[in-house]
Amino acid sequence: MAVMMKDKYTEINAKTWDNWAENGSIWSVPISGEEYAKAREGEWGVYLTPCMTVPHEWFGELKDKKLLGLASGGGQQMPIFTALGAECTVFDYSDRQLAAEREVAQREGYDIAIIKGDMTQPLPFADESFDLIFHPVSNCYIEDVCHVWKECFRILKKGGILLAGFDNGINFLFEEGAPFTVVNKLPFNPLKMEKERVEKMANDLEGIQFSHSMEEQLGGQLKAGFRLTDIYEDRDREEGTIGEYIPQFMATRAVKE
């Protein structure tokens, strides 16, 4: 996939995800009819981070709740939440990830609001629209995460829950081919690097990715007004990564009070 650097970096990332989905990314394979049926019977699990499923108690009662899947396309989580009785909206910038949502909804015969959009912009929802936001690892594809936390706070109802997954930046210290040799300084921001580096990331289908500090990730949620209620760490699924030595991901549960 050759990209034009006149494109916004978020548009490049959307095209990258389209390509990953076309090539069978594990995060782009919709759930099966059998998995959907099991969820309706109460047997289910969803991921904010690569390996660990989110504790059921983090959600509370989902029936009739208004739930937003933020950058959560792919036909994996929203069908589960719909099966559990939630009224779901999915917001994503990848056409292929959203197509997977339509595929499952048509197959299983349920309604879901499917909206294409860029989360670096103001979210197209009114204040206090949702009871719960499910936001799996994806803010590594945007430069400013604090904007997202503020928007999440705005569109959640009072007492609403934000469930978020994100990386802790460790992966960005290294480059492919030298996984345990520190190469980059943190925070990693390709937009502040030479143009050729960004073009290579785009054309090698890496996506334009950013590292973020815990001050941005955790502190950003607190500054937006959230109260953190729980947290866990997680690792890559793949072998031979730094995840064999240290967790690279984190999931948080936060409440708007």
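**Helix pairs, burial and contacts**

Author: Start with helix 2 (residues 33-40): K38 and E34 sit four residues apart there, so about one helical turn separates them. This is a predicted model.

Reader: What do the side chains of K38 and E34 form?

Author: A salt bridge, at 3.7 Å from N to O.

Reader: Is E34 buried or exposed? And K38?

Author: E34 is exposed, because its relative accessible area is 54% and the cut-off for exposed is over 50%. K38 is partly exposed, at 32%.

Reader: Why does a spacing of four matter in a helix?

Author: An α-helix has 3.6 residues a turn, so residues three or four places apart point the same way.

Reader: What about K195 and E199 in helix 6?

Author: They are also four residues apart, so about one helical turn lies between them. K195 forms a salt bridge with E199, and the closest N and O atoms are 3.9 Å apart. K195 is exposed, with a relative accessible area of 51%. E199 is partly exposed, at 25%.

Reader: How many salt bridges in the whole structure?

Author: A search finds 13. One of them joins E22 and R96, with the closest N and O atoms 3.4 Å apart. That pair links distant parts of the chain: E22 is in helix 1 (residues 9-22) and R96 is in helix 4 (residues 95-108), 74 residues apart. R96 is partly exposed, with a relative accessible area of 37%.

Reader: Which residues are linked in a network of salt bridges?

Author: D127, E151 and R154. E151 is also among the buried residues of helix 5.

Reader: Let's zoom out. How many helices and strands?

Author: Seven helices and seven strands. From the N terminus, the order is α-α-β-α-β-α-β-β-α-β-α-α-β-β.

Reader: What is the radius of gyration?

Author: The chain has 18 Å. A compact globule of 257 residues would have a value near 18 Å, so the two agree. Along the principal axes, the C-alpha trace spans about 50 × 40 × 35 Å.

Reader: What share of the residues is buried?

Author: Buried residues are 51% of the 257. The chain exposes about 12,200 Å², and carbon and sulfur atoms supply 50% of that area.

Reader: And the contacts, how many join residues at least 24 apart?

Author: 68%, among contacts between residues at least 6 apart in sequence.

Reader: Back to helix 5. Enclosed or open?

Author: Largely enclosed by the rest of the structure, because eight of its 11 residues are buried. The buried ones are V145, H147, V148, W149, E151, C152, F153 and I155.

Reader: What covers the buried residues of helix 5?

Author: The cover includes strand 1 (66-70), strand 4 (130-135), strand 5, helix 7 (214-224), strand 6 (226-234) and strand 7 (249-256).

Reader: What happens at the start of helix 5?

Author: A side-chain oxygen of D144 reaches to within 3.1 Å of the backbone nitrogen of C146.

Reader: What does the side chain of H147 reach?

Author: The backbone oxygen of M119, at 3.3 Å. Leaving out residues up to four places away in sequence, H147 touches M119, T120, Q121 and P122.

Reader: New topic. Where is T49?

Author: T49 is in the loop between helix 2 and strand 1. T49 is buried, with a relative accessible area of 3%.

Reader: Which polar contact does the side chain of T49 make?

Author: One with the side chain of D234, at 2.7 Å. Neighbours within four places aside, T49 is in contact with W27, V137, G165, Y232, D234, F249, M250 and A251.

Reader: Last one. Which residues form a nonpolar patch on the surface?

Author: F180, Y245 and I246, with about 330 Å² of accessible area together. F180 lies in the loop between strand 5 (156-167) and helix 6 (195-203).

Reader: Is F180 buried, exposed or partly exposed?

Author: Partly exposed, with a relative accessible area of 43%.

Methods
Residues are numbered from 1 along each chain as its sequence is written. This is a predicted model: local features need pLDDT of at least 70, side-chain atom pairs count only at pLDDT 80 or more; totals for chains, interfaces and linings use all residues. Side-chain values use heavy atoms; hydrogens and water are left out. Patches are made of residues with over 30% relative accessible area and no salt bridge: like charges are joined within 9 Å, nonpolar side chains (Val, Leu, Ile, Met, Phe, Trp, Tyr) within 5 Å. Accessible areas come from the Shrake-Rupley method with a 1.4 Å probe; for residues, only the protein chains shown count as cover. A salt bridge is a side-chain nitrogen of Lys or Arg within 4 Å of a carboxyl oxygen of Asp or Glu. Helices (H or I, at least four residues) and strands (E, at least two) are DSSP runs, numbered from the N terminus. Buried means under 20% relative accessible area, exposed over 50%, partly exposed in between (1.4 Å probe, protein chains only). A polar contact is a pair of N or O atoms within 3.5 Å; within protein, one must be able to donate a hydrogen and the other to accept it, and residues adjacent in sequence count only if both atoms are side-chain atoms. Contact means heavy atoms within 4.5 Å. The radius of gyration is taken over C-alpha atoms; the globule rule is 2.2 Å times the number of residues to the power 0.38.
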